[in-house]
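Dear colleague,

Please find below the structure that I am handing over to you. My notes on what was found in it follow directly after.

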Amino acid sequence: MRGAPRDGRSFPPDPLERLKKRADFKRAAKGKRSGKAGFTLQAIARETGGPRMGFTVTKRIGNAVERNRIKRRLRAACAQLSERNPFQCGTDYVIVARRRALDQPFGGLVLDLEDAAGELRKKLQRRTDEGA
């Protein structure tokens with residue numbers, strides 16, 4: 001493979017741990033939500049660990065090329081935001097993409113994601129405060 005690192009790592013490295021099991025996606029769907037123009041962000045707290053991120057782009061959005069482009073844009077937005085640390089530790093996040101994410105300016109996508117993460121942080125904090 002041309003351009004891939006020789007030590008077997010993926011390129012570029014993923015800054016956030018990813019959700020891969022269907023059960024984790026279904027559990028996040030039962031949590032809190034924040035809707036934006038290009039996506040809906042779902043979050044649910046778990047007991048330990050860093051933040052984990054999952055991406056859902058349904059076939060209704062478009063063909064495989066469009067769906068993969070949306071996923072790449074959302075992953076890049078998450079990677080850019082991981083430096084600012086808006087994602088709460090011990091939380092699973094799922095981004096459910098909308099078609100608007102395909103042509104929305106990238107800067108706006110990043111700002112929407114940061115805003116949605118902040119809203120969910122407050123909602124999840126409120127829930128733990130009420131439960132304590």
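**Salt bridges, fold and core**

At 14% relative accessibility, Lys36 counts as buried, where buried means under 20% relative accessible area, exposed over 50%, and partly exposed in between (1.4 Å probe, protein chains only). Please note that this is a predicted model, in which local features need pLDDT of at least 70 and side-chain atom pairs count only at pLDDT 80 or more, while totals for chains, interfaces and linings use all residues. Residues are numbered from 1 along each chain as its sequence is written, and side-chain values use heavy atoms, with hydrogens and water left out.

Lys36 forms a salt bridge with Glu119, with 2.9 Å between the closest N and O atoms; the term stands for a side-chain nitrogen of Lys or Arg within 4 Å of a carboxyl oxygen of Asp or Glu. This pair links distant parts of the chain, 83 residues apart: Lys36 lies in the loop between strand E2 (32-35) and E3, and Glu119 in helix H4. Glu119 is partly exposed, at 29% relative accessibility. Helices (H or I, at least four residues) and strands (E, at least two) are DSSP runs, numbered from the N terminus.

By the salt-bridge rule, the count comes to nine. One of them joins Arg52 to Asp24, with the closest N and O atoms 3.6 Å apart. Here Arg52 belongs to strand E4 and Asp24 to helix H1 (residues 22-29), 28 residues apart. Arg52 and Asp24 are both buried.

The protein chain contains four helices and five strands, and its elements run β-α-β-β-β-α-β-α-α from the N terminus on. Of its 132 residues, 39% count as buried.

Which residues have the most contacts inside the largest nonpolar core? They are Leu41, Phe87, Ile95 and Leu113, in a core of 26 residues. Such a core is a set of buried Ala, Val, Leu, Ile, Met, Phe, Trp, Tyr and Cys residues joined through side-chain atoms within 4.5 Å. Helix H4 supplies the largest share of this core, seven residues.

The structure also holds one aromatic pair. The ring centres of Phe87 and Tyr93 are 5.2 Å apart and their planes stand at 65 degrees, so the pair is edge-to-face. Rings of Phe, Tyr and Trp (its six-membered ring) pair if their centres lie within 6.5 Å; planes under 30 degrees apart count as stacked, over 60 as edge-to-face and the rest as tilted. Phe87 is buried at 2% relative accessible area, and Tyr93 is buried at 0%.

Yours sincerely
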